[in-house]
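Here is a friendly briefing to read alongside the model. Please keep the 3D view open as you go through the points.

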Amino acid sequence: MSTEPETTEDTEPGTPGAESTPAGVAGTGSGEAGPGEADTEQVPDGAEGGDAGAGQASEAEAAEAGNGQASEAESTEAGAGQAPEAESAEAGAGQVSEAEGAEAAAGQVSEAEAELRAQQAERERIEQRKAEKKTPVEAGTKLSGKAADLLAAVRAVESGEKPVATVFEEPRPAPRRSAPEPERRPQPVAPTPLAASAAPAPEAVQAVRQVLGEGGAPEVLAPQVAATLGEGAQEQLRADPWQLLRIPGVRPEQADGFARALLGAECGPDDERRGRAVTGWLLEQAALAGHTALEMPALLAALAQRGVPEPDSAVQDAIAEGEALVFQDALEEEAGAPARTDEEDTEGDEERPVRVLVGLERYALAEESLADGLARLVNSVPKQDGSAEDWERAAAAVQGSTAELIRAVAGQGLVLHTGGEASLAEPAALLNAAGSLGLRAWAAAHGPIGRNRFAALLRRSGPAADVPERADETPADSPVATVAGLLAGLEGPGRDADGALALDLLVVLDAPQLDVETAALLTESLPDGARLVLAGDPAVLWSVGPGRVFADLLAARICPQVASRRPDPGPLGELVSGIGIGELNQVEAPGKEVVIVPVRDAGEAVHRTVQLVVDSVPRAIGVPAEETQVITPGHGGAVGTRALNAALKDRLNPGPGRFGGFDPGDRIVYSPVPGRALPGRVVTADAEGLHLSCEGQAVVVPKERVEQSVRHGWALTAHQAVGSRWPAVVVVLPGDAAQALSRPWVYTAFGRADRHLSVVHGVEQALPRAVAEVPAKPRTTRLPVLLAPQISGT
């Protein structure tokens, strides 16, 4: 284990240069812990759309909503103890982090500009807002108090400080039972500029603005409210002021204040409208935390905590209005219990224990559709492309788990493949073998970096490995796409006449990142007879969106599972493999593959991080700053992504931020929807918006969406980074990030490095404790129950 690469700067008194690695790091690192908001375990941040964008609910909210079913959301990437990245979890009480709310209320301060504010100034504004919130707010006056808090909470979600999920981004979709009508694209489509959807009509926005003003809410929320509620938004808001809870970041206490201002004496805690709205809000918070449904007792307890006098009536009312669905799932028999006879089954049906679950329609439909699609794959015979002898010949040409994978895919419609980074060689060999047999074989990765890396691997291992690479060759020349691009028709083979993807074999990489909605769309889009391989590392962070599809399928054992026997090489592979089984081992790193940088406080952590990226890693390791990625647990706090990005921009690309806080050449991450994080750079800006280059794709972000969906990208959260790798990674663990750490978070963050990993370490014993004792938090899902009766032999 190496110490920090030598630096040209003189060691200052009290700096880690003269310190030894703290014992608590088991020789692999000592740390300083991060932002008070954690990118918590499984939730993306709002800017990701995600990561994070996905994105998600705060850990506190998840615990309330789930009553013991806390989300794994780290945020969140918004994506989650693990404190979420959302410092705004208690925004309703006026404790909105980073004081972005007051600035955003004026609609003039971008997130990027807020990044450049001094931490001290932000703390002063927080205190000022706490004092102002005690005074009443009149329509038309400068925003303060509750209105400022409400706006701050919404802006916190939009900016990624508080995670968000797709439930806030689009109206509830109609039930998905068949593949969407395709736009036929027989060939891969070249990247084209993207733009956001049209904004609501100005008249509708103005009408909503008037209602918001009457209720003392920030009028700048009008466009978002109009877009969320749709036609007649102002009438809906007047008739039911608690509809404001559908806006991400708004909390029940804030909606209550808005309702009191509009309804006066008619408003009360026992109002049926309030009970329905709070029920829906709690279910959405649970979805943000990764659950597809909540157990009834947990939901009732959470409603009581939110001041709903009759929780049971509120839930029944929401179910009757179609705003929630109820399910009764039979509980599994206890292990070792004698098997029931047919007569006992018949007689005991009414007495058989069940768990009652309540969930939102969109996730219930998605989970049911996913179960149907997976059952279709498992129970059907795959299309016979190539004879059994041809498949066996392809398997005999390789060895080990690669041969097992090819043989499994030859006869099965659904196969699971697990392993680390080195194991990707096996899906690559499968794709090459399938192509040689005449199959239309494609792979889909979570993000563009993963897509490009796998395309390069596929080329190196395929029949064209000895052919010189063309200067104009792009990833579009390989049968590799991103999952989002494949489903949208922007990448991939296109659709056939029936609306199904025009392929015979699909290998989905980064499968743990599939939420139930995305997985359902994929399975619905596969033609009859197609083969699906879900491949990924089960130890990484789960999806930003609700569900744990890959983990559920691994546990259900309904199809062949092939575990790769290819270990990740070198000291980094040894370190990350140990973390995966709960051990933080000391590793020998003769080439400075792993370096520990102890720090004592937040200021030192920022200083050392910048020093590593700008000077030490390029000079001692040979990796330039543009190929080094910083990863930290959250967005806010003194060592969150905002603070680190501000410091790194000042050294690497200083400028006035004349394009909404950005300058040409700035490294950014773009989140078109929660849960997706596209790394890129700023090209320019004009009347159309901010022009970005995201891994070869031109993207145009309208100026009104820049603050919500674009942030600087020198430093990311772990959920934003999942699915990508860089030559060098600097993981920052400031002292206040201890509660955000978990084994999946550490595994994911440390595993993003190809050649070199530096750990800026200030969490002392919290790091080995998290690796050994804090696994992924459970999520409540229905997929295993839905699959069991549909799969033959289960």
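Let's begin with an open sheet of five strands, ordered S18-S17-S16-S15-S19 and paired in the antiparallel sense. Strand S18 (697-701) and strand S19 (710-712) stand at its edges with a single partner strand each, so one side of each is left without a neighbour in the sheet. On average, neighbouring strands of this sheet are turned by 40 degrees against each other, direction ignored (axes are lines fitted to C-alpha atoms). The model is predicted: local features need pLDDT of at least 70 and side-chain atom pairs count only at pLDDT 80 or more, while totals for chains, interfaces and linings use all residues. Residues are numbered from 1 along each chain as its sequence is written, and side-chain values use heavy atoms, with hydrogens and water left out.

**The whole chain**
- The protein chain has 29 helices and 22 strands; these are DSSP runs numbered from the N terminus, helices being H or I with at least four residues and strands E with at least two.
- Of its 794 residues, 58% count as buried (under 20% relative accessible area, with exposed over 50% and partly exposed in between; 1.4 Å probe, protein chains only).
- The accessible surface of the protein chain comes to about 30100 Å², and 50% of that belongs to carbon and sulfur atoms (Shrake-Rupley method, 1.4 Å probe).

**A pairing in the open sheet**
- Strand S17 (residues 689-694) runs antiparallel to S18, and five bridges join them; two strands pair if DSSP finds at least two bridges between them.
- Leucine 692 stands opposite valine 699 in S18.

**Strand S7 and its partners**
- Five of the five residues of S7 (residues 414-418) are buried.
- Leu414, Leu416 and Thr418 point one way from S7, while Val415 and His417 point the other way.
- S7 runs parallel to strand S11 (residues 531-536), with five bridges joining them, and leucine 414 stands opposite leucine 532 in S11.
- S7 also pairs in the parallel sense with strand S12 (residues 561-563) over three bridges, where valine 562 is the bridge partner of histidine 417.

**Helix H24**
- The twelve residues of H24 (residues 641-652) should span 16 Å at 1.5 Å a residue, and the end C-alpha atoms are 15 Å apart, which agrees; the expected span is 1.5 Å times one less than the number of residues.
- Nine of the twelve residues of H24 are buried, including Thr641, Arg642, Leu644, Asn645 and Lys649.

Key:
Axes fitted to C-alpha atoms, helices over the stretch in contact; angles between N-to-C directions.
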